Amino acid sequence: MLSTLSNFARREKRDGTRDSICRKCYATVRKAYWEADLEATEQMQVCDPATLE
Ligand SMILES: [Zn+2]
């Protein structure tokens, strides 16, 4: 299920983990079980300029 509320999409996996994916550069920012872990990492994520070009 994808969220539309932030710059980061969520993808829930069958094993219970979630991926956080940056909507701008499409990098997988983090895989984690807990929402708080994803959010903490998202706040530090910096898009790679090479990916954006
Ligand atoms: Zn990014």
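Which side chain does the side chain of aspartate 19 join through a polar contact of 3.4 Å? The partner is lysine 13. Keep in mind that this is a predicted model, so every number here is computed from it.

**The overall picture**

Let's step back to the whole chain. The protein chain has 2 helices and 3 strands, and going along the sequence they come in the order β-β-β-α-α. The C-alpha trace spans about 35 × 20 × 20 Å along its principal axes. For 53 residues, a compact globule would come out with a radius of gyration near 10 Å, and the 11 Å of this chain agrees with that. As for burial, 30% of the 53 residues count as buried. Among contacts with a separation of 6 or more, 13% are between residues 24 or more positions apart.

**The hairpin**

Strand E1 covers residues 8-12, while strand E2 covers residues 18-22. The two pair in the antiparallel sense, over 5 bridges. To pick out one of the pairings, alanine 9 has isoleucine 21 in E2 as its bridge partner. Together E1 and E2 make a hairpin with 5 residues between them. In the turn sits glycine 16, with a positive phi of about 95°.

Now back to aspartate 19, which belongs to strand E2. Is aspartate 19 buried or exposed? Its relative accessible area is 1%, and buried means under 20%, so aspartate 19 is buried. Setting aside neighbours within four places in sequence, aspartate 19 is in contact with Ala9, Arg10, Arg11, Lys13, Thr28, Arg30 and Lys31.

Arginine 10 is found in strand E1 and counts as buried at 10% relative accessibility. The arginine 10 side chain has a polar contact with the side chain of glutamate 35, and another with the side chain of glutamate 42. Here are the side-chain polar contacts mentioned so far:

| Side chain | Partner side chain | Polar contact |
|---|---|---|
| arginine 10 | glutamate 42 | 2.5 Å |
| arginine 10 | glutamate 35 | 2.7 Å |
| aspartate 19 | lysine 13 | 3.4 Å |

**Helix H1 against the strands**

Helix H1 runs over residues 35-42, and its buried residues are Leu38, Thr41 and Glu42. Looking down the axis of H1, these buried residues fall within an arc of 100°, so they line one face of the helix. What do the buried residues of H1 pack against? They pack against E1, E2 and strand E3 (28-32).

**Cysteines and a loop tyrosine**

Cysteine 22 is buried at 2% relative accessibility, and cysteine 25 is buried too, with a relative accessible area of 7%. How many disulfides does a search of the whole structure find? The count is 0.

Finally, there is tyrosine 26, in the loop between E2 and E3. Tyrosine 26 has a positive phi of about 65°, although it is not a glycine. Is tyrosine 26 buried or exposed? At 65% relative accessibility, tyrosine 26 counts as exposed, because the cut-off for that is over 50%.

Notes:
Residues are numbered from 1 along each chain as its sequence is written. This is a predicted model: local features need pLDDT of at least 70, side-chain atom pairs count only at pLDDT 80 or more; totals for chains, interfaces and linings use all residues. Side-chain values use heavy atoms; hydrogens and water are left out. A disulfide is a pair of cysteine sulfur atoms within 2.5 Å. Buried means under 20% relative accessible area, exposed over 50%, partly exposed in between (1.4 Å probe, protein chains only). Helices (H or I, at least four residues) and strands (E, at least two) are DSSP runs, numbered from the N terminus. A polar contact is a pair of N or O atoms within 3.5 Å; within protein, one must be able to donate a hydrogen and the other to accept it, and residues adjacent in sequence count only if both atoms are side-chain atoms. Two strands pair if DSSP finds at least two bridges between them. The arc is that of the directions from the helix axis to the C-beta atoms. Contact means heavy atoms within 4.5 Å. The radius of gyration is taken over C-alpha atoms; the globule rule is 2.2 Å times the number of residues to the power 0.38.
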